[in-house]
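Please view the structure below before reading on.

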Amino acid sequence: MRHISDAEPASTAATQQPAENVSEHLADLSFAPRLLVWAARVWWQDAATAQTSPPGPAHPTNPAHPAHMIGQAFALARCRDAAPAFDELMLMARHGACRHLDIASHTSRLGRDEQALLGVVAAFQNDAVIGGERALENWLPPATARLAADAALKLAREMGRAQLYVERRCPYA
């Protein structure tokens, strides 16, 4: 993987065909994509619980609060600055999605949108800005996808700076 510069031009590398025989099992993922899927599932489940339950005493500074756990996980993975970008991306996906997203509904297998999240991050880590934006458009209207691209790019860069790379595996990117 290449170092991601802030000023590199966009390319379309994300539109290449994915590798054949890529597993959809969570257990087969390396650390970086597993961290993303875990964080997305925790974030998504917390958002769903918050929507159906009255507000409780939990607060993001509480060590048991999902936002705190996700932030700690990114910090332990040496990419603390990725957590706010991840949160922003998830907020845009949750509130701007064109359809119901398939996140946190599987246990050992990856959902379609979990794979797409990995594809978005992988595209941006490979300097494929156009491919990353196109993958976001599977979830979001075009204008929202362009806004979400900033958060996805920051997430990808921060993870890349910590040497946490997501291999391109998703047919949606």
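Axes are lines fitted to C-alpha atoms, for helices over the stretch in contact, and the angle between two of them runs from 0 to 180 degrees between N-to-C directions. The model described here is predicted. Two helix pairs are treated in turn: α4 with α5, and α3 with α6.

**Helices α4 and α5**

- Helix α4 covers residues 112–125 and helix α5 covers residues 129–136; their axes come within 7 Å and cross at roughly 165°.
- Angles over 145 degrees count as roughly antiparallel, and α4 and α5 are therefore roughly antiparallel to each other.
- The two helices, α4 and α5, form a left-handed crossing.
- On the α4 side, V120, A123 and F124 make the contact, while α5 contributes V129, G131, G132, E133, A135 and L136.
- Sorted by class, the residues in the contact of α4 with α5 are six nonpolar, two polar and one charged.

**Helices α3 and α6**

- The axes of helix α3 (residues 82–96) and helix α6 (residues 142–161) cross at roughly 155° and come within 8 Å.
- That crossing angle makes α3 roughly antiparallel to α6.
- The crossing in which α3 passes α6 is left-handed.
- From α3, the residues A82, A85, F86, E88, L89 and M92 meet T144, L147, A148, A151, A152, K154, L155, E158 and M159 of α6.
- The contact of α3 with α6 comprises, by class, eleven nonpolar, one polar and three charged residues.

Methods
Residues numbered from 1 in each chain as written. Predicted model: local features only at pLDDT ≥ 70, side-chain atom pairs only at ≥ 80, totals over all residues. Heavy atoms only, no water. Helix = DSSP H or I, 4+ residues; strand = E, 2+ residues; numbered from the N terminus. Parallel < 35°, antiparallel > 145°, perpendicular 65-115°, else oblique. Left-handed = near helix turned anticlockwise from the far one by under 90°. Contact = heavy atoms within 4.5 Å. Nonpolar A, V, L, I, M, F, W, Y, C, P; charged D, E, K, R; others polar.
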